[in-house]
Amino acid sequence: MSSKHSEAETRAEFGFERSVCACHECTANCKFIPGYLVPADIERISRALGYTNVVTFALENLAASPGATVMNAEGRVFQIPTLVPQRKANGSCKFLNAQNRCSIHAVSPFGCAFFDAHQSTDEANRKSSRGLQEIAGQWIAGRSSLYAMIWRLLFSAGHRAIPPQVARRRMEEAAGK
Ligand code: SF4
């Protein structure tokens with residue numbers, strides 16, 4: 001086992017352990033809905049790809065997504081904008097390689113690394129809520145937030161991801177649903 005592989009296997013975030021499955025079902029999202037980054041992913045992925053400047057990394061690799069639609073305890077619906085990997089012309093994640101594998105597996109975004117097609121909806125919701133809570137905190141922090149600053153920069157520069165619900169519909173259509 002390579003040290004890179006070990007790093008991926010043992011990675012944890014918010015008390016969750018990463019998933020490592022790369023079956024057809026699990027990589028389907030990579031072709032349509034690349035997972036979102038939590039704040040810690042920005043520097044982690046940037047560093048792993050050899051960038052010394054996170055803004056350059058973001059401009060070359062990330063996009064501003066309208067993000068997740070969530071409902072709070074009072075029933076108010078709101079949007080949490082997220083950073084996601086840029087897509088290729090065919091809509092798949094730019095990090096999906098020709099062998100249908102993630103080229104940044106060891107450091108893939110939280111929205112990818114901690115989810116797979118075999119976990120329960122409850123587990124996926126728990127993880128997703130935790131990640132989105134972290135991102136919401138960045139938006140609340142306002143000007144001091146690197147996450148929000150990068151999102152705004154990408155949005156202004158035209159690096160915008162399609163809404164997740166549009167990508168999900170395309171995925172379902174491709175699967176014949
Ligand atoms: S970063 Fe990797 S795991 Fe995430 S969508 Fe892209 S190819 Fe798939």
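Which residue just after H8 takes a positive phi? In this predicted model, Gly 176 does, with a phi of about 75°. Residues are numbered from 1 along each chain as its sequence is written. The model being predicted, local features need pLDDT of at least 70 and side-chain atom pairs count only at pLDDT 80 or more, while totals for chains, interfaces and linings use all residues; side-chain values use heavy atoms, with hydrogens and water left out.

Helix H8 spans residues 164–174; helices (H or I, at least four residues) and strands (E, at least two) are DSSP runs numbered from the N terminus. Pro 164, Ala 167 and Met 171 of H8 are buried, that is, under 20% relative accessible area, where exposed is over 50% and partly exposed in between (1.4 Å probe, protein chains only). These residues lie on the same side of H8 because they cover an arc of only 65° around the axis, the arc being that of the directions from the helix axis to the C-beta atoms. The buried residues of H8 pack against helix H2 (24–32) and strand E3 (62–71), contact meaning heavy atoms within 4.5 Å.

Val 55 lies in helix H4 (residues 54–61). Val 55 counts as partly exposed because its relative accessibility is 25%. Residues up to four places away in sequence not counted, Val 55 touches Met 149 and Leu 153. Val 55 and Leu 146 are 91 residues apart in sequence, and their C-alpha atoms are 9.5 Å apart in space.
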